[in-house]
Amino acid sequence: MPRLIVERHCVPASLEESNLSPLQYALLHRPEPIRIADAPTGAGKSYAFQWAMRQGQRVLFFVPTRRLAQNLAGSLVRDLVADTGWSAEKAENKVAIWSSDA
C-alpha cells in the first residue's frame with residue numbers, strides 16, 4: 001500500500017488556492033482509495049483531513065491514544081462549526097471516536 005512519509009516538519013507555503021501544503025495536497029489527491037500518512041506533529045495531517053471532510057469526503061483517522069482521539073475530535077468539531085458554518089449538531093454527527101471500549 002502506498003504511504004506518504006514526511007520525516008521532519010516541512011509545511012511550506014501553499015501551492016494551491018485551497019491553502020494546502022504539498023504533503024496535504026498529495027495526501028488528498030492521490031488516486032488510491034486508501035492513503036496512509038506518516039508525518040510528525042505539525043506537518044498538517046489533521047488539517048488535510050478536516051479539509052477533506054468539508055468537501056464531503058469520508059475520513060478514518062487512526063491515532064495511538066484515546067486522549068489524542070478525544071482532543072482531535074473536539075478540535076475538529078469546533079473547527080468545522082467555526083470554518084464551515086455547520087451547526088454543532090451537524091459537526092458532532094460527522095465526527096465519531098471508536099475505541100476498544102465500544
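The crossing of α2 and α3 is right-handed (the near helix is turned clockwise from the far one by less than a right angle). This is a predicted model, in which local features need pLDDT of at least 70 and side-chain atom pairs count only at pLDDT 80 or more, while totals for chains, interfaces and linings use all residues. Residues are numbered from 1 along each chain as its sequence is written, and side-chain values use heavy atoms, with hydrogens and water left out.

Select residues 45-54 (α2) and 66-84 (α3): these helices pack at an angle of about 50°, with their axes 11 Å apart. Axes here are lines fitted to C-alpha atoms over the stretch in contact, and angles run from 0 to 180 degrees between N-to-C directions. Helices are DSSP runs of H or I with at least four residues, strands runs of E with at least two, numbered from the N terminus.

Next, select Gln24 in helix α1. Gln24 is buried, with a relative accessible area of 5% (buried means under 20%, exposed over 50%, partly exposed in between, with a 1.4 Å probe and protein chains only). A polar atom of the Gln24 side chain lies 3.0 Å from the backbone oxygen of Gly44.

Finally, select Arg35, in the loop between α1 (22-29) and β2 (36-38). Arg35 is partly exposed, at 28% relative accessible area. Polar atoms of the Arg35 side chain lie 3.0 Å from the backbone oxygen of Leu27 and 2.7 Å from that of Glu32.

Notes. A polar contact is a pair of N or O atoms within 3.5 Å; within protein, one must be able to donate a hydrogen and the other to accept it, and residues adjacent in sequence count only if both atoms are side-chain atoms.
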